[in-house]
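The sequence and structure are shown first.

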Amino acid sequence: MRISEGKRRNYEKEKGNEYIWHRYNRENEAIEDGRARNIVNITLDVWDKDEYDPTENHFIFLTEQLLLNETYSQGDQRIEVESDGQYSGPLAKYTDDWDALFNYAMNRQTTAQSGTQPKYNEDIDMSGSVTESKNTEIIVSEQFKQGVYDRFDHRCPLSGIENSALLTISHVLSRSKHPDLAEDPQNVLLLDWTHHMAFDAELWTFDESGYVWVEPDFDTESDTLSNSLIDNHGEKLSKLSVVSDEYIDRHNADLGWWTR
């Protein structure tokens, strides 16, 4: 984890643009040493190192693959700061990539070195030992992301949230199991993170006409989820009907509670 504190950033070019200096020697040396763990870099662009607000602050997330391919260990690498949340340079395209961070944290694309898929319910050794693994990421292009955001008017159809830092592209048929559909526009929604995770947790779904259906035993004290899911149960949200009938039918067929 790296911190770039805004209050310490006093470097300026003739244009007046500010920039962040980074040297990725520690990460690249750890990778080259073959340490038995995954190496990633998260740079937080914050005003104070003890505070991070996802609605105001920004981050750059680099996986081991990106560290190897797009950084260098010797010499400083500069990230231009054009304005708040707007960066330029080779690493700027990895700003606020919640999709990559979430998938990495959830271990979705992680396979053990033996080539077998790890089981989520296997016993976890908490003694401090480290299990080696490598990530195979299915990354969608910035052009595709922008198209999805535009198609949904930069807003979650369930909650109405329109802050891009709180939104993510949600695949109906997962991109880890269906990499060929990762950039199929009929296989994606734009959701806020809460509803994205609730969808992945099979707490709600929709049908080919865009009607919302909630898992029968789902109950919540959250006003947000009550308003967005329970109150919308059986209601049609037209934005959801952009998904392919085939894809949502295949998704719903795997739900244990789906009977329609």
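## Aromatic pairs

Phe 59, Trp 98 and Trp 193 are joined into a cluster by ring pairs (rings of Phe, Tyr and Trp, the last by its six-membered ring, with centres within 6.5 Å; planes under 30 degrees apart are stacked, over 60 edge-to-face, the rest tilted). The structure is a predicted model, in which local features need pLDDT of at least 70 and side-chain atom pairs pLDDT 80 or more, while totals for chains, interfaces and linings use all residues. Residues are numbered from 1 along each chain as its sequence is written, and side-chain values use heavy atoms, without hydrogens and water.

In total there are 6 aromatic pairs. One of them, Trp 257 with Trp 258, is edge-to-face, at 6.0 Å centre to centre and 75° between the planes. Both Trp 257 and Trp 258 are buried (under 20% relative accessible area, 1.4 Å probe, protein chains only).

## Helix H7

Helix H7 (residues 245-253) buries Tyr 247, Ile 248, His 251 and Asn 252. The buried residues of H7 line one face of the helix, because they fall within an arc of 130° seen down its axis (directions from the helix axis to the C-beta atoms). They pack against helix H5 (193-200) and strand S11 (204-206) (contact: heavy atoms within 4.5 Å; helices, H or I of at least four residues, and strands, E of at least two, are DSSP runs numbered from the N terminus).

Notes. Buried means under 20% relative accessible area, exposed over 50%, partly exposed in between (1.4 Å probe, protein chains only).
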